[in-house]
Amino acid sequence: MRIDILTIFPEMFESPFSHSIIKRAKEKNLVEIHLHDIRNYSTNKHRSVDDYSYGGDPGMVMTIEPIALCIEHLQSENQYDHIIYLTPDGITLRQSIANQLSMSKNIILLCGHYKGIDQRIRDKYITMEISIGDYVLSGGELAAAVLTDAIVRLMPGVLNDETSALSDSFQNELLSPPVYTRPYDFRGLKVPDILLSGNDKEIRKWQNEQAYEKTLRLRPDLLNEA
Ligand code: 6GU
């Protein structure tokens, strides 16, 4: 998969994409992530990418031209399954959306700032608008990093058996059961004995019950949807 990210702060992505699973996916050539500084597509001498909004509302708006030029440049070289704008008024990201997007070949992620981007970019180029939750971030970059992580780890070959996504919370609409490691006894806090029983069938049953009980207690809304 190829992911192209359009941003005015490309440096914000350096650390999140240089560790752990995304790093490994890049090393295995399972994903290519290309960062594009929107400012490089500005045609005016100040390299500006924003302007005052029509209608007199306070706050700057990102202008059409640099974003359009960047998208059109990319479209001349690749076919994109989705051009996604990260915005608090998009659909809220869920595991099912990450699953669907993980099957794409190429996607563009557009990060906005200030009071947002000129509506005509959204009307003409954007095929999907995604939010990562009901709160306001300073820009789309952190949301794009979150979305990228959620997608990349689901791509075939990225996770191995040990880190398999199949047992993740949400993958089966349930939260994950509690997990334990050594020591067996930490200051009197003991690991549930069933996990040491060696009885695989009983262990799975216990884990399923725990997952269900935890979901019912913490996120009953997930059970209603399932
Ligand atoms: Cl995608 N962008 C911004 N600026 N704020 C957000 C968001 C996105 N998702 C939740 N809050």
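This is a predicted model: local features need pLDDT of at least 70, side-chain atom pairs count only at pLDDT 80 or more; totals for chains, interfaces and linings use all residues.
Strand S6 (residues 106-111) is largely enclosed by the rest of the structure, because 6 of its 6 residues are buried. Here buried means under 20% relative accessible area, exposed means over 50%, and partly exposed lies in between, with a 1.4 Å probe and protein chains only. Residues are numbered from 1 along each chain as its sequence is written, and side-chain values use heavy atoms, with hydrogens and water left out.

**The enclosed strand**

Two strands are said to pair if DSSP finds at least two bridges between them. Strand S1 (residues 2-7) runs parallel to S6 and is joined to it by 5 bridges, and in this pairing Ile5 stands opposite Leu109 of S6. S5 also runs parallel to S6, again with 5 bridges, and there Ile83 stands opposite Ile108 of S6.

Ile107, a residue of strand S6, is buried with a relative accessible area of 0%. Which residues is Ile107 in contact with, leaving aside its neighbours within four places in sequence? They are Arg2, Ile3, Asp4, Tyr80, His82, Ile84 and Ile151, where contact means heavy atoms within 4.5 Å. Ile107 and Asp161, by comparison, are 54 residues apart in sequence and 27 Å apart in space, from C-alpha to C-alpha.

Thr87 lies in strand S5 (residues 82-92) and is buried, with a relative accessible area of 7%. The side chains of Thr87 and Asp89 are joined by a polar contact of 2.5 Å. A polar contact is a pair of N or O atoms within 3.5 Å; within protein, one must be able to donate a hydrogen and the other to accept it, and residues adjacent in sequence count only if both atoms are side-chain atoms. When neighbours within four places in sequence are left aside, Thr87 is in contact with Arg122, Glu129, Ile130 and Ser131.

Thr87 is also one of the residues around the ligand, which include Leu86, Pro88, Ile130, Gly133, Tyr135, Gly139 and Ala143; a residue is listed in this way if one of its heavy atoms lies within 4 Å of the molecule.

| Residue and its N or O atom | Ligand atom | Distance |
|---|---|---|
| Ser131, side chain | nitrogen | 3.4 Å |
| Ile132, backbone | nitrogen | 3.0 Å |
| Leu137, backbone | nitrogen | 3.0 Å |

The protein covers 96% of the 290 Å² of accessible area that the ligand has on its own, with areas computed by the Shrake-Rupley method with a 1.4 Å probe, where for residues only the protein chains shown count as cover.

Leu137 is found in the loop between strand S7 (128-131) and H5, and at 34% relative accessibility Leu137 counts as partly exposed. Not counting residues up to four places away in sequence, Leu137 touches Ile132 and Ala143.

**Backbone details**

Is Ser20 buried or exposed? At 57% relative accessibility, Ser20 counts as exposed; its place is in helix H1 (residues 20-27), and its phi is near 55°, a positive value in a residue other than glycine. Tyr114 has a positive phi of about 55° although it is not a glycine, and its place is in the loop between S6 and helix H4 (119-124). Tyr114 is partly exposed, with a relative accessible area of 40%. The peptide bond from Arg182 to Pro183 is cis, with omega near 5°, and Pro183 is found in the loop between helix H5 (141-152) and strand S8 (185-186).

**The two domains**

The domain assignment of the chain gives domain 1 (2-152) and domain 2 (169-225), and such bounds come from an automatic or database domain assignment. The centres of domain 1 and domain 2, taken over C-alpha atoms, are separated by 37 Å. Leu137 and Ser169 are 32 residues apart in sequence and 25 Å apart in space, C-alpha to C-alpha.

Definitions and conventions: Helices (H or I, at least four residues) and strands (E, at least two) are DSSP runs, numbered from the N terminus.
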